[in-house]
Amino acid sequence: MTNDPNKTGHNPVPEVGTKPSAKPAPKRFAMSFVAPVGAFIALAIVGQLLEASTNQYVQLVLLFMCANIIFATSLNLVNGFTGQFSIGHAGFMALGAYTSAYLSTAVVQNPSFFDFIWFAIAGGLVAAAAGYVVGLPSLRLRGDYLAIVTLGFGEIIRVILLNTPAIGGARGLFGIPRPKEVVLGDFVFTNFYMNYLLAIFWVILTLVVLWRMVHSVHGRKFLSVREDEIAAQSMGINTTQVKVRVFVISSFFAGIAGAVFAHAAQGLTPATFGFTKSVDAIIMVVLGGMGSLTGSVMAAAVVTLLPEFVLRPLTDITGIDLRMVLYSLALILFMILRPSGILGTRELPDLWRKNGK
Amino acid sequence: MSDFTNELVQHIINGVSLGSIYALIALGYTMVYGILQLINFAHSEVYMVGAFTAFYTARYMGLADKPGFLTLITLIVAAMVVCSIIGVSIERFAYRPLRRAPKLNILITAIGVSLLLQYSGQIIFGADPKVFPNVLDDQTLATLGTAELRLFDVTILGVAVFFMAVLTYMINYTKTGKAMRAVSTNWTVASLMGINVNRIISMTFIIGSSLAGVAAVLIGMKYPKIDPLMGMIIGMKAFVAAVVGGIGSLGGAVLGGLLIGFAEEMVKGYISSTYADAFTFAMLILVLIFRPAGLLGKPSQEKV
């Protein structure tokens with residue numbers, strides 16, 4: 001435990017002043033195009049193996065994990081990279097989830113695989129619009145106001161969902177379709193697999209967009225707002241604009257996460273998107289490290305898989321639901337003992353680079 | 001009197017009694033914020049613990065079937081004591097180690113503590129709602145047309161006003177109160193003047209938490225259903241009340257509490273009971289847009 005403020009929080013980011021990307025062009029091309037496509041193909045193959053080797057329950061958890069990865073990384077943009085504090089992220093996820101679910105059930109009959117992509121985009125846009133409305137008044141102010149407003153916003157969304165009969169009200173919205181199975185000759189891609197492809201498509205797209213963004217000039221602006229808002233302002237950065245942009249982008253991806261979640265779960269109730277869901281996202285961001293995208297990915301995986309495969313059996317043995325108790329205890333201890341999370345502000349590739357950078 | 005005025009008078013009575021409970025809880029939020037600039041998310045769980053303390057005290061002291069003012073006072077004292085202990089321990093073990101850490105970390109810890117208490121509460125007390133004992137025999141004191149002034153409402157208002165008066169006296173006329181005001185203005189300078197800052201912060205938690213305990217007993221008396229998650233919604237509303245009134249300002253918390261309680265009853269009575277909660281938050285957002293420092297708060301200018 002250290003009392004030095006420089007050590008407990010975000011480490012000062014030395015690269016703020018350096019040129020955004022000093023890498024040679026071919027390598028940059030490799031990072032920005034080949035790596036994501038390669039990852040997609042690799043994950044698609046892994047998906048086939050998982051499909052063959054696991055049961056439906058495990059598959060469902062995997063899809064939830066994909067949704068959580070998008071959810072956590074998008075929140076990290078606000079809480080980690082820009083240093084604001086949103087605690088109503090589930091509200092945006094709910095908007096995306098319900099929009100996508102509504103479009104796929106009531107508007108479009110028998111949606112095709114590609115329809116699901118624009119459903120998710122529509123969900124993201126609705127969430128982004130809400131993010132703009134919420135962000136604009138609250139981000140002009142400093143301090144904890146965003147926390148309060150987002151908390152209230154999450155609650156308002158839940159109440160509205162609860163009282164709108166067109167989307168099921170308190171009963172919830174069920175029968176949300178998944179992408180249909182595709183038969184190519186004697187090779188069958190089941191609807192889990194198609195859904196999985198959709199989910200990893202969004203995960204990779206989100207990560208690429210966010211990664212490129214935080215390593216661009218704009219990303220430097222986010223960091224400068226986090227490190228010292230007044231200093232950023234005096235360097236000519238329109239901090240309100242930066243914060244609102246970050247918030248809107250983050251809301252957009254939260255909406256996408258919601259869409260992925262909706263088609264994986266195939267049923268939504270307003271209770272799913274309560275305060276606990278927002279807290280889940282915060283836990284993932286804090287655990288992985290505020291300001292580390294790869295950290296959030298790892299934490300999202302841990303936070304999704306651990307309760308299902310470790311704590312649930314534990315609950316079955318002890319007969320007491322200790323999940324949330326352990327969660328919250330972990331959160332407190334992490335904050336006191338290792339406030340920077342697993343990775344801090346570093347990214348996974350930094351770990352095997354020499355000189356620690 | 002016409003039906004309309006009857007109804008209105010009834011809503012006003014209910015609004016004031018609900019509002020004074022919100023005000024008691026809001027005071028806890030605002031005091032901690034005034035001194036630590038921290039939204040104490042765990043405050044609503046302290047309140048929940050208070051309700052359960054009163055429940056078990058009544059049960060084990062055999063007071064459950066002896067309604068009366070003595071019972072009420074006993075339960076209030078018990079809830080205050082236990083709440084203070086919980087509040088101080090939270091400060092000591094969760095917030096104090098992080099005193100110099102970035103604000104975000106403390107805020108997250110506060111949420112963590114809140115969740116820990118909620119879910120431990122579910123394990124210890126059971127997740128199902130419990131019926132709060134009958135603390136006082138309710139009776140109608142006066143009628144105005146069909147509107148009734150009931151003993152519960154008068155008691156709630158009386159107890160709340162009593163504790164607010166005690167608090168005002170403490171803050172304004174005692175040495176501890178003076179020290180608290182000094183710490184909230186600038187705690188580094190206060191510590192140079194020989195004020196034991198840690199002691200004052202603990203004191204703040206004791207006072208705030210015991211007020212939450214009082215509120216818990218009053219709420220339990222009026223709405224006798226308690227469960228481990230009861231703190232969440234009411235805590236949020238009390239917090240909204242603190243912000244609307246101007247966080248950090250004691251008068252603001254009382255004003256905000258009354259305003260929120262009043263508005264809630266009006267919305268329930270005339271618009272829709274389902275949207276009452278959403279309305280509270282909409283009001284919060286409006287206040288933040290037009291008067292970000294709250295109704296009675298002083299706008300702060302950050303100096304470089």
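Start with helix H10 of chain A, residues 239–265, in what is a predicted model. H10(A) has 27 residues, and at 1.5 Å a residue these should span 39 Å. The end C-alpha atoms of H10(A) are 38 Å apart, which agrees with that expectation.

How many of the 27 residues of H10(A) are buried? The count is 21, so H10(A) is largely enclosed by the rest of the structure. Just after the helix comes Gln266(A), which takes a positive phi of about 65°.

Chain B lets me run the length check again, on helix H2, residues 43–60. The 18 residues of H2(B) should span 26 Å at 1.5 Å a residue, and the end C-alpha atoms are 26 Å apart, so the two figures agree. H2(B) is mostly covered, with 15 of its 18 residues buried. After H2(B) comes Gly62(B), and its phi is positive, near 65°.

Now chain A as a whole. It has 357 residues, of which 47% count as buried. Its secondary structure comes to 14 helices and four strands. If you take the contacts in chain A with a separation of 6 or more, 78% of them are between residues 24 or more positions apart.

Next, a helix pair inside chain A. Two packed helices are described by the angle between their axes and the distance between the axes. For H4(A), residues 89–107, and H6(A), residues 145–162, the axes come within 8 Å and cross at roughly 35°. On the H4(A) side, the residues in contact are Ala90(A), Gly91(A), Ala94(A), Leu95(A) and Tyr98(A). They meet Phe153(A), Gly154(A), Ile157(A) and Leu161(A) of H6(A). By class, that contact has seven nonpolar residues, two polar ones and no charged ones. As for the spacing along each helix, an α-helix has 3.6 residues a turn, so residues three or four places apart point the same way.

Note on methods. Residues are numbered from 1 along each chain as its sequence is written. Chains are lettered from A and ligands numbered from 1 in the order in which they are written. This is a predicted model: local features need pLDDT of at least 70, side-chain atom pairs count only at pLDDT 80 or more; totals for chains, interfaces and linings use all residues. Axes are lines fitted to C-alpha atoms, for helices over the stretch in contact, and angles run from 0 to 180 degrees between N-to-C directions. Helices (H or I, at least four residues) and strands (E, at least two) are DSSP runs, numbered from the N terminus. Two residues are in contact if their C-beta atoms, placed from the backbone, lie within 7 Å. Ala, Val, Leu, Ile, Met, Phe, Trp, Tyr, Cys and Pro count as nonpolar, Asp, Glu, Lys and Arg as charged, and the others, Gly among them, as polar. The expected span of a helix is 1.5 Å times one less than its number of residues. A residue is buried if 20 or more other C-beta atoms lie within 10 Å of its own, exposed if 12 or fewer, and partly exposed in between; C-beta atoms are placed from the backbone.
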